[in-house]
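Reader: I'd like to learn how to read a few features off a model like this. Can we take them one at a time?

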Amino acid sequence: MNRYLLPLSALGTVVGGAVLLKDSVAGGVCPSKATIPGKTVIVTGANTGIGKQTAFELAKRGGNVILACRDMEKCEAAARAIRRETLNHHVNARHLDLASLKSIREFAAKINEEEERVDILVNNAAVMRCPHWTTEDGFEMQFGVNHLGHFLLTNLLLDKLKASAPSRIINLSSLAHIAGHIDFDDLNWQTRKYDPKAAYSQSKLAIVLFTKELSRRLQGSGVTVNALHPGVARTELGRHTGIHGSTFSSTTLGPIFWLLVKSPELAAQPSTYLAVAEELADVSGKYFDGLKQKAPAPEAEDEEVARRLWAESARLVGLSHVSSVREQPLPR
């Protein structure tokens, strides 16, 4: 029997070390125990994956949670599941198609009319590395949904967010933003050969730039806005990449994926943290990698690029003026 003790002990050490390493890589759970009773939360793309789990986490903390999704059947099912699991009956589904400016305006109009307040807006929905599709309004799908859709939605809800201050906006970006570049000559990939990876990276860089510029414009308003990389998660977002379903990835790369890829539950922790943590009440315009604040890519901190992107985005979505956002001069 003793001859088995050393091998078993070594195996236990390896397994235990692997689990601890995975927990470390995954980033851990939200350290804040803060609750949000009476606060109204909107989470886009909340019928599945990180969005659904974020909605669950915020409903568990007492929020009045609105799931904003394109597929209402899935959205209603997610809302029912969250109500059942959290015993929070203030969880509702609303239709929002971020690939349609009309749908975005209709959604925002209903929120502004029917909701007394909006305390937390989580811009979570995304499209990743899809074919060369376009939105209803002719925008390249990833730039249109990931950036322009949330840009318009956020601006249309700013008056409500400002009136509810202190309030928070959380924009989900990606580590992929570091490979992005804003091509102002061809934002919608109309003249270049389409590269889904590059288009995704551009859209995620745009989100960080939008966060930076919006924070600057909202100084003193009581509304904060931050961007984050939630980590790589096992969700439907990667369905166009072909990685999760391939035999090669499930066998050869299986151990690596097990170590690096988060569950939706863990991937939702950074969004939850930015939404509720009391210590982040005055933090704005920052980029978080998981639960930690980090410096984004150099282009993501270029104030001139951020201002130019804002102006071009406003032109593309037909946003002429938003009273809540006052222009702030750039620092000399």
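Reader: Where does Val208 lie?

Author: Val208 lies in helix 6. Helices here are DSSP runs of H or I with at least four residues, strands are E runs of at least two, and both are numbered from the N terminus. Bear in mind that this is a predicted model, where local features need pLDDT of at least 70, side-chain atom pairs count only at pLDDT 80 or more, and totals for chains, interfaces and linings use all residues. Residues are numbered from 1 along each chain as its sequence is written, and side-chain values use heavy atoms, with hydrogens and water left out.

Reader: Is Val208 buried or exposed?

Author: Buried means under 20% relative accessible area, exposed means over 50%, and partly exposed is in between (1.4 Å probe, protein chains only). Val208 has 5% relative accessibility, so it counts as buried.

Reader: And which residues does Val208 touch?

Author: A contact is heavy atoms within 4.5 Å. Not counting residues up to four places away in sequence, Val208 touches Ser173, His177, Ala227, Tyr287, Pro296 and Ala300.

Reader: What about Ser203, with which residues is it in contact?

Author: Ser203 also lies in helix 6. Leaving aside neighbours within four places in sequence, Ser203 is in contact with Gln142, Phe143, Asn146 and His147. Its relative accessibility is 0%, so Ser203 counts as buried.

Reader: How do I read the packing of helix 5 and helix 6?

Author: For helix 5 (residues 141-163) and helix 6 (residues 196-217), the axes come within 7 Å and cross at roughly 20°. Under 35 degrees counts as roughly parallel, over 145 as roughly antiparallel, 65 to 115 as roughly perpendicular and the rest as oblique. Helix 5 and helix 6 are therefore roughly parallel to each other.

Reader: What is the handedness of that crossing of helix 5 and helix 6?

Author: If the near helix is turned clockwise from the far one by less than a right angle, the crossing is right-handed; anticlockwise makes it left-handed. The crossing of helix 5 and helix 6 is right-handed. On the helix 5 side, the residues in contact include His150, Phe151 and Leu158, and they meet a helix 6 set that includes Ala206, Ile207 and Phe210. By class, the contact of helix 5 with helix 6 has 10 nonpolar, 8 polar and 1 charged residues. Ala, Val, Leu, Ile, Met, Phe, Trp, Tyr, Cys and Pro count as nonpolar, Asp, Glu, Lys and Arg as charged, and the others, Gly among them, as polar.

Reader: How many aromatic pairs does the structure hold?

Author: A pair of aromatic rings is described by the distance of the centres and the angle of the planes. Rings of Phe, Tyr and Trp (its six-membered ring) pair if their centres lie within 6.5 Å; planes under 30 degrees apart are stacked, over 60 edge-to-face and the rest tilted. The structure holds 4 aromatic pairs. The rings of Phe151 and Trp310 have centres 5.0 Å apart and planes at 75°, so that pair is edge-to-face. Phe151 lies in helix 5 and Trp310 in helix 11 (residues 303-317), so the pair ties together parts that are 159 residues apart in sequence. Both Phe151 and Trp310 are buried. Ring pairs link Phe151, Phe210 and Trp310 into a cluster.

Technical notes:
Axes fitted to C-alpha atoms, helices over the stretch in contact; angles between N-to-C directions.
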